[in-house]
Amino acid sequence: MRNLTPFAKAFAVALGVSALLPGTRGEATPAAVAGDPEHGGALVEARCAACHGPDGNGGQATVPRLAGQDFVYLYRQLLAFKHGVRASPVMEAIASAMSERDMRDASAFLAGQARRGGQAGDAGLEAEGRTLFLQGSTDGRVPACAGCHDASQGWFAGGMRGMPGMRGAGGMPMMRMSGRNGPRLLGQRAAYVQQRLRSFAHGTPAAGPMSAVAASMSARQMRAVTAYIAAHP
Ligand code: HEC
Ligand code: HEC
């Protein structure tokens, strides 16, 4: 991972931002943010299924799949919507009406659902995207997505755990996601991923490692990596 050092720095910035989110600060361990998937399932059915489907796999092209997503990531995104840290008029209204317990319960249910989907498209573009995802760009500008995402694939077993900037005050591990800090990408919808990369490249949400990652990508690289991601749940 030749060019990760600048991204390690970006991480420290990201951590500073996420530590400001109400409700996340004192909750140091995953156990402290566990949820009740049974209640979560009923809640999703009633309030989320119209857009995300009853198991988090449904929805239109720009609606993200939530099934099988990392629990802590889901929970933190809901907090971010509620507190306006991540802009989305639709999700801000929905998250604002949820208690933190509701957020944890819905997240626990969704994290436990199997992710479906994934349609093969342009094989050449996907092959290009696969190389970018696993290895980064040959000129070293774009880092491998797999360095931070979808570590369950077992590809990046060494990990970035020991990197400087990865620990918060008191040596507490701040990144509690099951992957390498980034959410699950594989199987996510192409149009949604493209939209997120474009807004990260424009600095929204501000800071965080993804602004630098997305800003380093060409439109072609975004299309390629997105095609690979969408086709491989
Ligand atoms: C009216 C449609 C609609 C409903 C209902 C809805 N969502 Fe969403 N949700 C969206 C859209 C659109 C986005 C993408 C927001 C964006 O990035 O612009 C989204 C994004 C999300 C994300 C971010 C996922 C990611 O990968 O970053 C989470 C988490 C989420 N929704 C959870 C929920 C939960 C839980 C409920 C029910 C309590 C719910 N949503 C109800 C439309 C909806
Ligand atoms: C240095 C670590 C790192 C690298 C490398 C990285 N990401 Fe990320 N990515 C993150 C983190 C952390 C988040 C979560 C940001 C948040 O919490 O809002 C994220 C979020 C995302 C999201 C939003 C997912 C969603 O569900 O809305 C997308 C899309 C994404 N990354 C794509 C990529 C792609 C494509 C690459 C490779 C070209 C890549 N990332 C490389 C750390 C990284």
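**Notebook: salt bridges in the predicted model**

I began with D105, which is buried, its relative accessible area being 3%; here buried means under 20% relative accessible area, exposed over 50% and partly exposed in between, with a 1.4 Å probe and protein chains only. I note that this is a predicted model, in which local features need pLDDT of at least 70 and side-chain atom pairs count only at pLDDT 80 or more, while totals for chains, interfaces and linings use all residues. Residues are numbered from 1 along each chain as its sequence is written, and side-chain values use heavy atoms, with hydrogens and water left out.

I then looked up the partner of D105, and found a salt bridge to R101 at 3.2 Å, N to O, the term standing for a side-chain nitrogen of Lys or Arg within 4 Å of a carboxyl oxygen of Asp or Glu. Both residues sit in helix 6, four residues apart, about one turn of the helix; helices are DSSP runs of H or I with at least four residues, numbered from the N terminus. R101 is partly exposed, at 47% relative accessibility.

I counted four salt bridges by this rule. One of them joins D55 and R116 at 3.0 Å, N to O, and it links distant parts of the chain, 61 residues apart, with D55 in the loop between helix 3 (49–52) and helix 4 (71–82) and R116 in the loop between helix 6 (100–111) and helix 7 (123–135). D55 is buried, at 17% relative accessibility.

I also checked R220 and E128, whose closest N and O atoms are 2.6 Å apart in a salt bridge. R220 lies in helix 10 (residues 219–231) and E128 in helix 7, so this pair ties together parts 92 residues apart in sequence. R220 is partly exposed at 41% relative accessibility, and E128 is partly exposed at 34%.

Note on methods. Chains lettered and ligands numbered in written order. Helix = DSSP H or I, 4+ residues; strand = E, 2+ residues; numbered from the N terminus.
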